[in-house]
Amino acid sequence: MAVEYTFQCPLPNGLHARPASQLAAVAGRFACELQLNNERTGTVANAKSILAIVSAHIRFADACVIRAAGADEAAALAALRDFVERMLPEGDEPLPVARTGPGEPRLPRALRTAGTSWLAGTPVSGGIGQGIVVVIGGLRLPEALVSAPTGSPQEEQRKLTAALTSARTALERRLTPGLGMVEAGILHAHLAMVADVALQEKLDEFVAAGRSAGAAVVEAGRFFADRLGQAESALVRERAADVQDVCLQLLHELYGTGARDGGPTLTQPSVVVAENLSPHQLLALDRRLLRGLVLGYAGTTSHTVVLARSFDVPTLVGVADAARRLTVGNEIIVDAHHGIVVAEVTPAARRFYAREERTRRARAEQLARFTQVPALTRDGRRLQIAANVATIEELAPAFAGGAEGVGLFRTEMLFLDRDRPPSEEEQFGVYVQAAKTAAGRPVIIRTLDIGGDKPAAYLNLRPEANPFLGQRGVRLYPEQARLFNEQTRAILRASAFGPLWVMVPMIATLDEVRWVKARLAEVQADLAARGVAFNRKMPMGIMLEVPSIAFILEPLCREVDFFSIGTNDLTQYFLAVDRGNENVADLYRARHPALLKLLDMVVRGIHDSGRWVGLCGEMGRDRRSLPLLVGLGLDEISVAAADVPGLKAAVGQLDAAECRRLFEAAAACATAAEVETLLDNFYRQAAGQPLLEESFVLLDVDSGDKTEAIRDIIDAFHVAGRTDDPQAVEDAVWAREEVYTTGLGHGFAIPHCKTDAMAAPAVGVARLREPLAWGSVDGQPVRMVLLLAVRESDPQDIHLRVLAQLARRLMHEDFRAHLLAARDAAEMIDYLTRELNPGGAPSSP
Amino acid sequence: MKIVAVTACPTGIAHTYMAAEQLEKTAKVLGHQIRVETQGAMGIENELSAADIREAEVVIFAVDIDVEKRERFSAKRIVQVAVQEAIRNPKAVLGKITA
């Protein structure tokens with residue numbers, strides 16, 4: 001007799017890899033036969049197989065039936081029903097959002113006007129790379145084996161079973177403690193796949209039909225890769241490359257190294273083009289010659305992409321039919337800034353990218369002025385800028401970008417997406433590597449912050465109606481004592497290798513802190529007794545995210561060494577607003593005066609007790625809030641690595657005393673709107689940067705045409721940090737240009753724009769060596785270009801007045817003659833400053 | 001001749017002021033009395049008073065966008081030109097109204 005249970009898929013992204021692996025884990029606990037039917041497609045899947053479940057393409061609201069048949073069928077069905085009804089709806093995650101919509105990337109004007117041929121893709125790893133096209137095909141049986149004799153099905157089956165076993169052993173052997181988190185995660189995923197029952201069944205089927213073991217592997221691999229590759233969910237599609245990798249591994253086990261179609265040997269700078277590239281195939285390429293990747297289907301979170309990102313290889317995904325549309329051996333450019341593949345390197349493209357490269361280098365040199373020095377405000381107040389990371393691979397680039405430490409090392413990535421928790425040794429390897437990479441800089445490791453919203457099947461967490469107020473972070477540790485013990489042991493042992501700090505999430509009471517400290521003391525005593533090295537003075541701190549902490553600071557400061565404010569959760573707990581709930585999203589205000597008062601109270605309280613306090617939430621990266629955070633008097637702000645250089649530079653523009661006055665006024669406000677008005681005024685009055693800097697004056701430049709002349713000035717703004725998005729400023733200038741020409745006659749042009757892509761307003765000047773056609777009112781070519789760019793949302797009158805004055809003065813012959821005659825940038829700035837001083841006499845009749 | 005003018009352009013950071021300057025400069029040369037209100041990114045500046053408007057014999061709009069507070073000029077003779085025209089050839093614009 002069989003029993004069944006019908007349900008509708010509750011997941012907006014469908015039943016993709018992660019929930020499928022959880023469902024398969026529940027099913028795997030039972031002996032009976034378990035089938036999952038997708039009624040929409042008629043597909044029947046083995047519910048114990050991740051591959052089979054994701055291949056069933058179960059979409060949101062699809063009607064599904066689970067059938068159980070066997071001795072423990074009733075218990076199995078009850079467990080699965082419980083899982084589907086309670087755990088499944090919690091187990092989803094949003095799909096990664098592509099930066100640019102398909103088909104609509106913003107092509108730089110110089111390329112657009114030159115008619116450059118290009119393909120669109122989604123950038124998943126930044127940078128620009130140039131090389132010849134090398135195409136890597138999918139899974140296929142090596143030529144030498146196609147004609148090899150096939151044994152009897154029994155013989156081939158025996159070879160296959162041996163290959164599966166040795167593949168599993170090989171994968172387990174490669175799981176060494178020193179391995180990076182990304183690679184360890186991949187190996188765990190592959191282990192699950194090697195053991196997958198659906199793969200096993202498919203292999204058996206082909207062998208029974210008379211195929212050789214190798215052919216069975218190739219056909220089964222193609223079968224699953226195709227089915228996963230066609231899935232509507234990106235999360236499923238990106239597992240296709242993993243199937244391919246596992247099958248390549250099996251071929252290797254079957255026939256030795258000769259069998260692996262290890263891909264081409266790169267002989268010159270190359271861009272690898274593939275429908276689907278497995279992590280293994282990527283690792284086999286010579287990274288010194290690999291300049292870019294162009295992939296057909298690979299998700300933004302696929303293992304291949306994560307690796308490409310950690311190797312800093314410019315990568316585009318979702319480039320349809322790339323292998324057919326690009327010519328092998330041709331030189332192409334992968335431009336992951338703009339999300340395009342330039343299919344042919346024309347002189348115009350070469351010129352454009354040579355300039356991009358010059359600009360990029362100049363910008364990097366400019367940023368380097370901030371990256372390798374401590375962040376200081378204008379009046380000399382020190383504020384550490386650190387990085388938030390989730391994987392070990394992110395550390396080195398973060399430090400290269402100027403991070404003064406790691407303010408938050410999230411360890412959840414070590415625990416999710418696998419069928420068992422990481423061992424103490426595996427964690428120890430990761431933490432030691434972190435300590436070594438940090439080379440003396442502090443690294444704050446946060447112990448596992450997991451709850452009902454981040455399921456890890458092996459923890460058997462009970463689903464909760466409101467996981468954010470439920471058993472998460474420290475509240476889970478007493479129940480998962482072994483997990484916490486292993487993690488703290490690993491961290492303590494690693495603390496012998498560098499300044500690691502340990503931080504505990506979700507602390508709300510003093511008792512929790514005491515419990516944690518008692519466990520730490522036990523681990524320390526045990527390590528000491530065994531003679532294992534560790535740092536006896538390793539700082540221990542807590543996340544400050546539950547508001548109750550603010551009112552028991554004094555006793556807490558006697559127990560802990562430091563605090564890190566998690567603004568995201570603190571804001572939502574303090575204001576009672578779920579930040580993910582659109583209905584109340586406008587109540588979520590990190591700059592609410594009540595919250596500012598609370599922050600002031602805690603920072604003062606912590607400092608009064610001589611303790612250290614940092615901040616690691618989203619608020620840290622919000623540039624508008626920065627003066628408030630500087631005014632708050634934090635010791636450290638920790639943000640995503642990419643935001644570190646810009647944040648350091650921005651701190652250098654602020655005056656700590658001014659910021660403190662602003663903060664006090666803001667904390668005294670009654671409403672969030674009043675705080676915003678204060679900030680508006682602050683920005684309007686801020687002395688800020690001068691409109692004109694010497695680097696914005698380009699004398700006797702060789703711009704080739706109007707497009708280049710405009711871009712030359714905008715790039716100068718970018719190098720100086722006035723804009724992070726030169727493309728957007730260019731678009732804004734040209735949008736204005738299209739209304740009517742900015743060529744005023746007399747050889748002068750005054751292109752301009754209002755755009756928030758400018759961080760601060762600026763004036764740039766280009767005096768051209770060769771006059772350029774501009775479509776001016778008098779039909780004459782242009783010799784002198786003055787580009788004005790102001791912010792759209794909070795233009796400062798003081799700047800607008802200068803620009804208005806500049807526009808007026810340009811109507812005068814003597815003013816124009818002076819600009820044309822200036823000997824150098826300093827003289828030009830000097831002259832302009834005198835003429836445009838807003839305090840000067842207005843020009844009226 | 002007493003003239004009042006309003007200048008306004010789409011972005012309001014350059015052409016508005018260039019046109020104002022050209023009209024002021026040229027009117028002076030031609031011996032007219034002129035007051036020019038600019039409607040730019042800083043809002044209305046040199047706002048024309050009711051008396052200015054009342055006394056003016058003619059109003060020039062050198063604008064590419066709608067004039068703010070247009071009702072102030074409802075009873076007046078208005079000559080409207082593009083901002084570009086006032087910048088390129090202010091003499092011709094002023095010639096138009098005195099003709």
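Modeller: Of the 845 residues in chain A, 49% count as buried. This is a predicted model: local features need pLDDT of at least 70, side-chain atom pairs count only at pLDDT 80 or more, and totals for chains, interfaces and linings use all residues. Residues are numbered from 1 along each chain as its sequence is written, while chains are lettered from A and ligands numbered from 1 in the order in which they are written.

Biologist: What makes a residue buried?

Modeller: The count of other C-beta atoms within 10 Å of its own, with C-beta atoms placed from the backbone: 20 or more is buried, 12 or fewer is exposed, and in between is partly exposed. In chain B, 46% of the 99 residues are buried.

Biologist: Why is Gly429(A) called buried?

Modeller: Gly429(A) has 22 other C-beta atoms within 10 Å. The cut-off for buried is 20 or more, so Gly429(A) qualifies. Gly429(A) is found in helix 18 of chain A. Its C-alpha atom is 8.0 Å from that of Ala494(A), 65 residues apart along the chain.

Biologist: Why is Ile78(B) called partly exposed?

Modeller: Ile78(B) has 14 other C-beta atoms within 10 Å. Ile78(B) is found in strand 5 (residues 78–81) of chain B. Ile78(B) and Ile60(B) are 18 residues apart in sequence, with 5.9 Å from C-alpha to C-alpha.

Biologist: Which residues does Ile78(B) touch?

Modeller: Leaving out residues up to four places away in sequence, Ile78(B) touches Val59(B), Phe61(B) and Phe73(B). Contact means that the C-beta atoms, placed from the backbone, lie within 7 Å.

Biologist: What makes helix 13 of chain A largely enclosed by the rest of the structure?

Modeller: Helix 13 spans residues 303–310, and seven of its eight residues are buried, so the rest of the structure largely encloses it. The buried residues are His303(A), Thr304(A), Val305(A), Val306(A), Leu307(A), Ala308(A) and Arg309(A). Just after helix 13, Asp312(A) takes a positive phi of about 65°.

Biologist: How do you know what counts as a helix or a strand?

Modeller: Both are DSSP runs, numbered from the N terminus: H or I for helices, at least four residues, and E for strands, at least two. Chain A comes to 32 helices and 26 strands. Chain B has four helices and five strands, in the order β-α-β-β-α-β-β-α-α along the sequence.

Biologist: How are helix 18 and helix 19 of chain A packed?

Modeller: Helix 18 (residues 424–438) and helix 19 (residues 481–494) pack at an angle of about 35°, their axes 8 Å apart. Axes are lines fitted to C-alpha atoms, for helices over the stretch in contact, and angles run from 0 to 180 degrees between N-to-C directions. Among the residues that meet are Phe428(A) and Tyr431(A) in helix 18 and Ala490(A) and Ile491(A) in helix 19. This contact divides into seven nonpolar, two polar and four charged residues. Ala, Val, Leu, Ile, Met, Phe, Trp, Tyr, Cys and Pro count as nonpolar, Asp, Glu, Lys and Arg as charged, and the others, Gly among them, as polar.

Biologist: Why are helix 30 of chain A and helix 1 of chain B called oblique?

Modeller: Helix 30 of chain A and helix 1 (residues 15–30) of chain B pack at about 45°, with axes 8 Å apart. Under 35 degrees is roughly parallel, over 145 roughly antiparallel, 65 to 115 roughly perpendicular, and the rest oblique. Therefore this pair is oblique.

Biologist: How many residues does each chain give to the whole contact?

Modeller: Chain A gives 25 residues and chain B gives 19. Helix 30 of chain A supplies the largest share of the chain A side, seven residues. By class, that side has 16 nonpolar, four polar and five charged residues.

Methods: Contact = placed C-beta atoms within 7 Å.
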